[in-house]
Amino acid sequence: MTTTDSGALRRTALNDAHLALGARMVPFGGFEMPVQYSSILKEHDAVRKRAGLFDLSHMGQFELRGPNVGEWAEALTINKVANMKPGQARYNVFTNEHGGAHDDVIFYRLGDERWLLVVNASNADKMWAHVSDKRSGDLQLTNMHGERALIAIQGPRSVEWLQPYVDADIGTLKYYACAEMRVRGTHDPIVIARTGYTGEDGFELFLPADEAVGVWDLLLAENRERGLEPCGLGARDVLRLEAGMPLYGHELTEEITPVQAGIGWAIKFDKPAFTGKDALLAQRDGNDYSRIVGLTMEGRVPARAGYPVFANGAQAGEIRSGSWGPTVEKNIATALVQPSAAAEGTKLEIEVRGARHAATVVPLPFYKRAKS
Amino acid sequence: MANVPSGLLYSKEHEWVKVDGDVATVGITDYAQASLGDIVYVELPRVGAALTQFGSIGVVESVKAVSDIFTPVGGEVVGINDGLENDPAAVNRDPYGEGWFYKVQLADASQTAELLTPEQYEQLIAES
């Protein structure tokens, strides 16, 4: 991966591949990334029905080593970490003193003392500064951002299309499990995890940057004609919204806490102490907090981030994310609303260019894949 | 290569105009639909609305973005394409046919002199 002059965008190892595939490139998280190759809706459809291939090499990857990584991490995050076994991945949130989110992340435990921490691209610098600042004792941290690539294959055909190139049985990897396996074209075993951000089955491959092009091309060479599509960040955002997954900066921020975001399942209050615990406990118990809800628009006008939300004629919140949802064939959105407007079934009005349009609060997720 | 049919006039904002007597049909060009990507919603003016040439009179929404529609001609709206409500993708599929937006009774036929010929529009998009 090349780092261009300061201020200019960085490029992933797959940049040439994206351009050759006709991708439209946009800046994201300091990198030039593909927003779409053909059409966002076609790419979305490919992931839901067959599989899509994503370059996620802009995300931050930190290697953590030492005997106390779990305990160290538990003090800084909402979820438990120390009881993770090698071969497990787990979703978590690093918090500030007020219970707000620095970032939502995934920990991958590779061995007794070897861990991978993946952070959002937009927070890579902030999170590196944070973990470095909090580093203590014999904890070793390595920032691999930009040196390692991340390729994801997501969709119901993922096992079928990835398996031929992997030397171990990926079908037996459980959801949120990870393992080191040799993939054709990689020199050493690489981390493969059954994780993703689309609501479909799929795998994330963490590999050296100089092996990324080989693996990307290999996966597309035989499977493109079977319906594997390269997919950009545009499709990724629609997929995750349908699946009810938070996007940092929208449903989680330094101000919007995991309690407000509806991910209380990931908060382990029985931990003796962690950053922001008292604030989150008070917030949860007070039950008076504005919260993230899902909503569907009655009509064809999409809701977009920032649009005001009204209940009974008074402003009750704002839209945080919104899009046409192709799988559910409705305009879907998340909104941060007052508790009085948050109950399922509540009728809301969303102001779009000065006119108010009807919406209804619905449970998240908007889409759940069928159990196979 | 974007399709630029002959027999139409074009605006710098990537709309096309088909003039039939004193009624003009308006839509967006093939270049515009390709740039915008998947169209998910079109907000059209109301029948009866009075439009001023080059004024902002509606929006066309793609998955990621909202874009203004600037009317290439002024006059009274005498028809709108209701079909776009439930099939906005028609704009991508057939921007010059099924994907038409609205019809205007021209207030001043000489306004069409402000528009581009197919050759001039081809030049515009070649330079983009």
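Author: The buried residues of H6(A) pack against helix H1 (15-20), strand S4 (51-55), strand S10 (148-154), helix H5 (158-162), strand S13 (202-208) and strand S14 (228-230) of chain A. Contact here requires C-beta atoms, placed from the backbone, within 7 Å of each other, and helices (H or I, at least four residues) and strands (E, at least two) are DSSP runs, numbered from the N terminus. The model is predicted: local features need pLDDT of at least 70, side-chain atom pairs count only at pLDDT 80 or more, and totals for chains, interfaces and linings use all residues. Residues are numbered from 1 along each chain as its sequence is written, while chains are lettered from A and ligands numbered from 1 in the order in which they are written.

Helix H6 of chain A covers residues 212-223, 12 residues in total. From first C-alpha to last, H6(A) reaches 17 Å, close to the expected 16 Å; the expected span is 1.5 Å times one less than the number of residues.

Ala212(A), Val215(A), Trp216(A), Leu219(A) and Asn223(A) are the buried residues of H6(A). Seen down the axis of H6(A), these buried residues fall within an arc of 100 degrees, so they line one face of the helix; the arc is taken over the directions from the helix axis to the C-beta atoms. An α-helix has 3.6 residues a turn, so residues three or four places apart point the same way. On the other side of H6(A), Ala221(A) and Glu222(A) are exposed. A residue is buried if 20 or more other C-beta atoms lie within 10 Å of its own, exposed if 12 or fewer, and partly exposed in between.

Notes. Two residues are in contact if their C-beta atoms, placed from the backbone, lie within 7 Å.
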